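Please look over the sequence and the model before reading on.

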Amino acid sequence: MTTGASSIARATDAAESVELPDRPVISWKRAVFRVGGSLALLGAILALLPLDELWSAMRRIPLPIWAATVAVYMALHLIGVVKWRMLVNAAGAGLSFLHAVRCYYVGLFSNTFLPSVVGGDVVRAGMALRRSRSKAGLVLGSMVDRIQDVLGLAAVAGIGALLLPTALDAGSRRVFWVLAAVFAVAGIAGIALLWLLPGRRFPFRVRRKLVRIRGAFRALSRRPGSMAGAFLLGMVLQTLQVVLNFWLGGLVGLDAPFQVWLFVWPLAKVAATLPLTQGGIGVREAALAALFAPFGVPAVLAVAVSLVFQVVIISGGLIGGLMSLLLGRRETPRADAARSAGASGPLVAPPL
């Protein structure tokens with residue numbers, strides 16, 4: 001319990017110490033490891049597949065379709081903006097929609113391109129700190145947002161599993177739901193421990209951070225509608241991305257029912273979040289090929305769809321970085337000063 005409390009306090013300290021996302025702390029060893037991992041995995045995958053069939057499948061998508069897919073991908077992430085802003089503002093951050101868009105899209109860029117010890121979530125939070133009324137609320141809301149993303153992916157995969165009575169036997173579905181229940185119980189237990197932490201047992205520095213975190217948590221807990229709404233928005237976002245990939249799959253010749261996509265794609269996305277490669281490149285392709293295999297989908301088509309969508313992700317990250325840069329020019333120093341003056345007031349929190 002002490003370790004968990006210290007971790008929360010360190011997370012708050014880390015977020016408060018981030019000034020600008022354009023000055024990341026570079027970890028070249030980690031960057032080389034991730035880029036090397038992506039190249040190694042992609043090289044192994046391409047060595048095992050017929051390259052002529054792979055290229056032929058990818059060429060079935062004309063350039064205008066690529067451009068339209070990128071546009072749809074960026075538009076879908078506006079749902080992510082609304083979801084993230086809903087959570088951090090429910091915890092007291094007070095971000096405007098325009099600034100939330102800027103922060104979210106720079107995080108989208110960083111998730112793919114940033115070779116540093118911080119990820120897109122921390123870069124997004126670091127930029128948002130300048131306009132946030134509550135740093136603790138921003139940290140907590142962002143943590144809840146990330147947890148809801150994983151739970152939303154699991155829920156979408158669960159829906160897909162329920163719609164696959166012929167592909168998954170009763171035993172497999174039972175194991176899946178047992179694991180989902182374990183994750184749900186663990187999440188509830190973690191929230192309960194955070195609420196019931198005996199704060200007087202910790203050093204003053206930790207208690208000071210915990211007071212802010214607990215205050216933000218209480219503000220968030222008083223708005224269950226915002227939490228439920230954000231979770232549903234997250235599921236909508238993930239489902240629409242499944243629809244987008246299902247459409248791309250049809251274009252390249254991957255003939256699999258939509259319920260199979262609902263089950264396979266979220267699991268592959270979760271696998272791609274492992275910190276083994278740069279932006280999940282290589283892991284997502286291998287995961288899709290392995291997960292589609294029991295459903296009779298050729299690996300070359302699964303990898304083709306994944307590579308097509310990977311290019312969409314990279315293009316979207318570049319556009320997101322450009323959008324964030326352009327939106328930053330619209331933000332005036334006067335607005336920054338006004339926000340800072342409002343956020344620098346005394347913080348009153350209930351004693352532990």
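Which residues have the most contacts inside the largest nonpolar core? They are Tyr73, Trp84, Leu138, Leu254, Trp261, Phe292 and Phe309, in a core of 64 residues, where a nonpolar core is a set of buried Ala, Val, Leu, Ile, Met, Phe, Trp, Tyr and Cys residues joined through side-chain atoms within 4.5 Å. Buried here means under 20% relative accessible area, exposed means over 50%, and partly exposed lies in between, with a 1.4 Å probe and protein chains only. The largest share of this core, twelve residues, is supplied by helix H13 (residues 299-328).

This is a predicted model, in which local features need pLDDT of at least 70 and side-chain atom pairs count only at pLDDT 80 or more, while totals for chains, interfaces and linings use all residues. Residues are numbered from 1 along each chain as its sequence is written, and side-chain values use heavy atoms, with hydrogens and water left out.

Taken as a whole, the protein has 14 helices and zero strands, where helices (H or I, at least four residues) and strands (E, at least two) are DSSP runs numbered from the N terminus. Of its 352 residues, 45% are buried. Among the contacts (heavy atoms within 4.5 Å) with a separation of 6 or more, 78% are between residues 24 or more positions apart.

Helix H11 (residues 258-272) and helix H12 (residues 283-292) pack at an angle of about 145°, with their axes 8 Å apart; the axes are lines fitted to C-alpha atoms, for helices over the stretch in contact, and angles run from 0 to 180 degrees between N-to-C directions. On the H11 side the contact is made by Val260, Trp261, Val264, Trp265, Leu267, Ala268, Ala271 and Ala272, and on the H12 side by Val283, Arg284, Ala287, Leu288, Leu291 and Phe292. These residues divide into 13 nonpolar, no polar and one charged, given that Ala, Val, Leu, Ile, Met, Phe, Trp, Tyr, Cys and Pro count as nonpolar, Asp, Glu, Lys and Arg as charged, and the others, Gly among them, as polar. Trp261, which belongs to this contact, is also in contact with Val242, Asn245, Phe246, Gly249, Leu254, Ala256, Pro266, Phe292 and Val305, leaving aside its neighbours within four places in sequence.

The structure holds six aromatic pairs; rings of Phe, Tyr and Trp (its six-membered ring) pair if their centres lie within 6.5 Å, and planes under 30 degrees apart count as stacked, over 60 as edge-to-face and the rest as tilted. Phe246 and Phe258 form an edge-to-face pair, because their ring centres are 5.4 Å apart and their planes stand at 75°. This pair links Phe246 in helix H10 (residues 224-252) with Phe258 in helix H11, twelve residues apart. Phe246 is partly exposed at 32% relative accessibility, and Phe258 is likewise partly exposed at 27%. The rings of Trp265 and Phe309 have centres 6.2 Å apart and planes at 80°, so they too are edge-to-face. Since Trp265 lies in helix H11 and Phe309 in helix H13, this pair ties together parts that are 44 residues apart in sequence. Trp265 is buried at 3% relative accessibility, as is Phe309 at 2%. Together with Tyr73, Trp265 and Phe309 form one aromatic cluster.

Where does helix H6 stand in relation to the rest of the structure? Helix H6 (residues 120-128) is largely enclosed by it, because seven of its nine residues are buried. The buried residues are Gly120, Val123, Arg124, Ala125, Gly126, Met127 and Ala128, and what covers them includes helix H4 (63-90), H5, helix H7 (135-162) and H13.

Two further residues complete the tour. Phe109, in helix H5 (residues 97-113), is partly exposed at 29% relative accessibility. Phe109 and Gly317 are 208 residues apart in sequence but 4.1 Å apart in space, C-alpha to C-alpha, and Phe109 touches Leu114, Gly317, Leu318 and Gly321, not counting residues up to four places away in sequence. Met235, found in helix H10, is buried at 15% relative accessibility. Met235 touches Gly152, Ala155, Val156 and Ile159, again not counting residues up to four places away in sequence.
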